[in-house]
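Trainee: I am new to this structure and would like a close look at a single part of it. Could you take me through the aromatic rings, one step at a time?

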Amino acid sequence: MNIQQIRSSLLLLLTAVIWGVAFVAQSVGMDYVGPFTFTCVRSVIGGLALIPCIAFLNKKEAGQSSPKASAPQKPGQGRELFLGGLCCGLALGFASCFQQFGIQYTTVGKAGFITAFYIIIVPILGLFFRRKCGLQVWIGVILALAGLYFLCINETLRVGKGDLLVFICALLFAVHILVIDHFTQRVDGIRMSCIQFFVCGLLCAVGMVLFERPQLSQILAAWKPVLYAGFLSSGVGYTLQIVGQKGMNPTVASLILSLESVVSVLAGILLLDQTLSRREIIGCVLMFAAIILAQLPDKNIPVGRIKKQKE
């Protein structure tokens, strides 16, 4: 492993830590504002955080282009960019809201592992687009279902309200990733991400006005978790992911990023004094094994272009 790969691995590890701790910020934020308000404000902050990155890209592209050359439309411009940002923003908005509602009724550690179930769902949904799944994915599905059973179903065979909401969130994040995979092949990822954050914020603003109507004092009281989730988790986290994945094997990158589920458990224990029962720990171990297994490349199937993008 050369210096560049070590640097990229450390950046991706930092990204996983930021995203894992973000579950704590999301949980704490509920002490001050409602789910729609929290998601709205963090999304707007995430969009604003990417504007300097876009300005830098514009300046860099302007410096590389020849002043005499005609101006063909650049990747990342035009109607398809805004269509991609709109579709991704809607998917992200619904997924984030279900996650935010679910975190109110479950621990951050369980929420982190259940959310990570999207890694299993994505290749299954890919079957509808004629993308084959390897044997290890189906074994991962079995392990993940067993893990979900231990995590979510209690002794009375009932599923917790929060666990169910976060599971729906995982389904929606899988759809979000497939939408991203479709559009990132045609447009610039950072520009589209910026648009999706603002679309997500606008969508949640409707729910915020209709159902929560927060006071400015409540939003200001939640500035720490909101700023962490918006600036660090959304803005900085996504940028670090893009930089870290450059030149890295996508499978290795995904494995490092999947550590966010482990970090969410540790963060819940260290920062919120939350604990997991023995049954839930078994569920976490099974889920993590399924996540790792699902990301191992199949020799008979080319590595796909689906890459993870965080809320």
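Mentor: Happy to, and we will go pair by pair through the aromatic rings. Keep in mind that this is a predicted model. The structure holds 4 aromatic pairs. Let us start with Phe-117 and Phe-167, whose ring centres are 5.5 Å apart with 35° between the planes, a tilted arrangement. Find Phe-117 in the loop between helix H4 (108–115) and helix H5 (118–125), then look for Phe-167 in helix H7 (residues 161–184). These partners are 50 residues apart in sequence, so their pairing ties together separate parts of the chain. Phe-167, with 27% relative accessibility, is partly exposed.

Now turn to Tyr-149 and Phe-150. Here the ring centres lie 5.6 Å apart and the planes meet at 80°. Planes over 60 degrees apart count as edge-to-face, so that is the name for this pair. Tyr-149 is partly exposed at 35% relative accessibility, and Phe-150 is also partly exposed, with a relative accessible area of 26%.

One more group is waiting for you: Phe-36, Phe-101 and Phe-211 come together as one aromatic cluster. As you go back over the rings, remember that a pair is described by the distance of the centres and the angle of the planes.

Key:
Residues are numbered from 1 along each chain as its sequence is written. This is a predicted model: local features need pLDDT of at least 70, side-chain atom pairs count only at pLDDT 80 or more; totals for chains, interfaces and linings use all residues. Side-chain values use heavy atoms; hydrogens and water are left out. Rings of Phe, Tyr and Trp (its six-membered ring) pair if their centres lie within 6.5 Å; planes under 30 degrees apart count as stacked, over 60 as edge-to-face and the rest as tilted. Helices (H or I, at least four residues) and strands (E, at least two) are DSSP runs, numbered from the N terminus. Buried means under 20% relative accessible area, exposed over 50%, partly exposed in between (1.4 Å probe, protein chains only).
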